[in-house]
Amino acid sequence: MGVNRREFIKTSLAAGALTSLDLKFMRFAGSAAASAGSKGETVTRTTCSPNCTGACGFNVHVKDGRITTLIQAADYPEDSYNPRGCLRGLSMMNLVYGKDRIKYPLIRTGPRGSGEFRRASWDEALDYTADKLKKITKKYGPEAIATTIQVPGTGYVHKGAFVRLAGLAQWTIHHGYDQNGDLPMFWPMTFGVQTEELESLEWPNAGYTIVLGSNLVQTRLPDVHHLIEAKKTGKVVVVDPDFCSTASKADEWVSIKLDTDAALALGLARVIIDRGLYDKAFLQDFTDMPVLVRKDTGKRLPAEQVKALKAQADQMKIPEYRDLFVVSRENRLTILDPGHLGSTHADLTGSYKVELTDGTTVEAVTVFSLLREMLAEYSLETVAQITGAPAQTIERIAVEAATRTPLHIVYGASNYQWYHGDLKGRALSLLPVLTGSIGVSGGGISTYAGQYRIRFDVSEWWFPKEGKLNWVPYLHFLNSGGPRYPEKGIKAMIGGWGNPFDQHNMSNALKDRSASGDIEFVATFDFNMTTTCMWSDVVFPATTWYENYELTATILHPYLQLQEPAIAPLFEARTGLALMRGLAKRLNPDWEAYFYPDIDDTKASLEIIDLLLKTGGMETRGITLDMVKKGPVRLHSTAPDDRQVPFYEQIHDRVPFPPPSYPAPLPATARFVKSGRIEFYKDEDLFLAEGEQLPVCKPTFEDTEYKEDPDALTKYRLRFVTKNSLYRVHSTHSNNVWLNELQGHKPKMFLNPADAAERNIAAHDLVEVYNNRGKTRAWAVIDPGCRRGTLIFEQGWWAKYLQDQSYNSLTRAWIKPLHEIYFVPGIWSPTTVWNECLVDARRITT
Ligand SMILES: Nc1nc2c(c(=O)[nH]1)N[C@H]1C(S)=C(S)[C@@H](COP(=O)(O)OP(=O)(O)OC[C@H]3O[C@@H](n4cnc5c(=O)[nH]c(N)nc54)[C@H](O)[C@@H]3O)O[C@H]1N2
Ligand SMILES: Nc1nc2c(c(=O)[nH]1)N[C@H]1C(S)=C(S)[C@@H](COP(=O)(O)OP(=O)(O)OC[C@H]3O[C@@H](n4cnc5c(=O)[nH]c(N)nc54)[C@H](O)[C@@H]3O)O[C@H]1N2
Ligand code: SF4
Ligand SMILES: [Mo]
């Protein structure tokens, strides 16, 4: 009929013809359509902005100062981004006007965690907080006070205010990316960047898509129709141990044993190589595959060690973050220029006797030869045994993937939130690289965790020149130790946009440390009374995203969007900027000047947005405040039409890897890939010691649970997979009455029928999930789609819905030593691994 699905939905919305949705929901949607523009009503275009990655443009209808309707704005220039939104966003009124809304500043009166507070004025709460912070600074130094940049993309202005004061005051700063365990460490190891992903509009351009452990249907809901489109143009395979919603929509579902994706990837890579289905020129020009490695040391061969190349190497000027490596062309050794990705015609395989400057001779082989040697261990039979997937399936998928390019791999957060998640990512990266699917429309590897990627240069606002940033990985804080942990510890937490007392490893440890007084002061800035607020000494009431100005950007679509206030701040809510300005003034009168003291909050926010746009660099060039006020504006990229196609410039214009990762300076990240190319071979000592110079598959729990407690093998026989829920964005919406009604007001855990029977657990039973660190509770769903040996719990419940038994009391903050080799915050840093956790379960009655 010439009307696509999106246009159809748009037309239906306009006609108020939403018949299939929940009744309460429909009432809103229907009234929105009917009353748009009605008398006395204002409509404001803004965004829904939890830690979700959706970043959906919303129109907010307001009458008599109260939000009546939230409805999708549907104004993105590309129609297939319209409309975007979900039931969580559409029912946000339940949080804005809900019973847990924080109305006034609060100062604790009862014991920590009791939730007993008294109302205070802003002045009193700020004075009280400033006084505590001054005392802590005097006693332990400023680095004993910690704050977090929680998911920068959901707001650059007010989070920037926190960083700005932290810089001036020299507090400790944690990056949300490692705090949330979302940091995919294979990115810096392989590509030298933080994260680079295809925008979802590009998904249908893939010839073949493999989704591994990313439940797009639930976690990228407004974008998932692009995956359905990708089925029309190509094929979509979902690899997931669970028959999740996304698996149910795929062309093919492959169930594998948990945490065996590296073996699967290596098995696929081997078939692609053995059958000669790889893109030889791509490997020669853009990767380290032709680079020579010394057989004796396992180190890459530097040109200055080679007798025949030393003089030439000495002449070449290269930045400190590059190295000159050696390749062979038609059996002649030459230097691989790290500053130029021209056609190398370098040999991919071969073994060479090389005379060194010290007169000795060593044997050197190419990375590609070493890779082939290693892959010999991953025969189809072995991989089938490790993964539990049939050998013929693996073989067929390898051939299909290599012959139906471009190949797009979606590597989900739950899948890399394992101790060896970096190895899985490095192994999976082999697939788009071998098939030459990098830097092309529809190809590559994407991760799509939270909105962490800082999309433009924010330094003018975030980093005052007079300040100093003390970055510390969050895991050092949780573990009370580590190379960057402040000498006298962390004694105060100043947080916002997060709920660590539910959402972070060892939530019990955080509670214990607060209760014992080890953490001396906690101040939280939120709009809802979360568990973290309950454990705070001071709670500051925050504006919601419908009450302030902000600038947002996500990875699923490259639009810069303005959050515009639709209603005045409720009760005594204020913005992050107001809070930081108030604190700055009290901590040091000189600092107030950094926070626009002479103009009101709204005007100041707009000035900061203007500043960010003007100083944002290439990505925001020419984008003005007026433009974003009118609607979403595409950030600029190096690809045609500003499409978000990672590494386009590297492949098309042959610019060396990596592109810059904001906010780090290029030299800080370029040293991760010193050859200027995509690197699969890592030769830092620790990689060699761990046997991880190339991606391999390592067994689960050997370096963690079993190492700490060998009895865990028999005591706790279920893998605790805590995945994201459709009904919450993490713990946001945990208290949303409609969404809880849809869940029967019961947290759920999913078990395979055989595991349930072994434990005498039946459907709807109340179950205790436990290990030696903690316990939680949920009602049983017996699910044949859940793989044997796995217990799935949908993360995000506030502790009070679990009878104060936080589900994160079971998890633990493991640190993989390789993640400490370098430290660039939010890029190369130890990261939490939620799923690396063993539990068991028993039926309980109360
Ligand atoms: N509705 C909703 N959407 C969200 C969020 C939310 O809380 N709610 N949070 C947002 C954020 S911040 C994030 S980080 C993302 C995360 O979103 P995703 O990346 O989609 O992660 P999950 O939904 O936790 O898990 C996806 C799947 O991984 C599978 N899995 C677990 N371990 C393995 C494994 O070893 N191998 C394989 N192949 N599969 C495995 C699980 O079975 C599950 O089906 O979602 C974002 N979107
Ligand atoms: N076991 C386990 N734990 C996990 C995960 C898992 O898979 N398993 N997932 C992890 C992941 S991927 C993530 S990203 C984290 C997320 O963990 P958190 O970032 O802590 O996410 P939320 O629990 O949603 O907390 C966000 C808080 O910010 C508040 N907020 C929202 N907008 C604003 C605002 O504009 N201003 C202010 N001041 N506050 C605001 C909300 O009210 C909410 O209380 O959880 C992690 N925890
Ligand atoms: S919760 Fe996420 S997907 Fe839903 S409307 Fe908000 S931003 Fe969009
Ligand atoms: Mo996340």
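## Loops, rings and cavities in a predicted model

Alanine 74 is found in the loop between β3 (66-72) and α3 (87-90). This structure is a predicted model. Every value below is computed from it.

**Two alanines with positive phi**

Most residues other than glycine have a negative phi, and most peptide bonds are trans. Alanine 74 is not a glycine, yet its phi is positive, about 50°. Is alanine 74 buried or exposed? Its relative accessible area is 15%, and buried means under 20%, so alanine 74 is buried.

Alanine 55 is also not a glycine, and it has a positive phi of about 45°. The loop between β1 (41-47) and β2 (57-63) holds alanine 55. Its relative accessible area is 5%, so under the 20% cut-off alanine 55 counts as buried.

Which residues come nearest to ligand 3? They are Cys48, Cys52, Ala55, Cys56 and Cys86, out of 13 residues around that ligand. By class, the shell of ligand 3 has 9 nonpolar, 3 polar and 1 charged residues.

**Two cis peptide bonds**

The backbone holds cis bonds at two prolines described here. One is the peptide bond from threonine 405 to proline 406, where omega is near 0°. Proline 406 sits in the loop between α17 (391-403) and β16 (407-411). Another cis peptide bond joins tyrosine 662 to proline 663, with omega about 0°. The loop between α28 (648-652) and α29 (666-670) contains proline 663.

**Charges over rings**

Now look at the side chains.

| Arginine | Tyrosine ring | Distance from charged end to ring centre |
|---|---|---|
| Arginine 45 | Tyrosine 76 | 5.5 Å |
| Arginine 66 | Tyrosine 97 | 3.9 Å |

**Rings beside rings**

How many aromatic pairs does the structure hold? There are 39. One of them is formed by tyrosine 822 and tryptophan 828. Their ring centres lie 4.8 Å apart, and the angle between the planes is 80°. Planes over 60 degrees apart count as edge-to-face, so this pair is edge-to-face. Tyrosine 822 and tryptophan 828 are both buried.

Rings can also gather in a group. Phe186, Trp187, Phe191, Tyr411, Tyr416, Phe647 and Phe657 make up one aromatic cluster. Find these residues in the structure and view them together.

**Empty space inside**

Rolling a probe the size of a water molecule over the atoms shows where empty space is left. Across the whole structure, a search finds 12 cavities of 30 Å³ or more. The second largest cavity contains about 350 Å³ of space. Its lining is made of 28 residues. Which of them lie nearest its centre? They are Gly213, Asp240, Ser414, Asn415 and Val721.

The largest share comes from α18, with 3 residues. What classes of residue line the second largest cavity? The lining divides into 9 nonpolar, 10 polar and 9 charged residues.

**To recap**

In the second largest cavity, α18 gives the largest share of the lining.

Conventions: Residues numbered from 1 in each chain as written. Chains lettered and ligands numbered in written order. Predicted model: local features only at pLDDT ≥ 70, side-chain atom pairs only at ≥ 80, totals over all residues. Heavy atoms only, no water. Near = heavy atom within 4 Å. Nonpolar A, V, L, I, M, F, W, Y, C, P; charged D, E, K, R; others polar. 1 Å grid on protein atoms, 1.4 Å probe; cavity = no way out; pocket = protein on both sides within 12 Å on 5 of 7 lines; lining within 4 Å. Points joined across faces, edges and corners; volume = space filled by probe spheres on them. Helix = DSSP H or I, 4+ residues; strand = E, 2+ residues; numbered from the N terminus. Phe/Tyr/Trp six-rings, centres within 6.5 Å; stacked < 30°, edge-to-face > 60°. Buried < 20%, exposed > 50% of the residue type's maximum accessible area, 1.4 Å probe, protein only. Lys NZ or Arg CZ within 6 Å of the ring centre and 35° of its normal.
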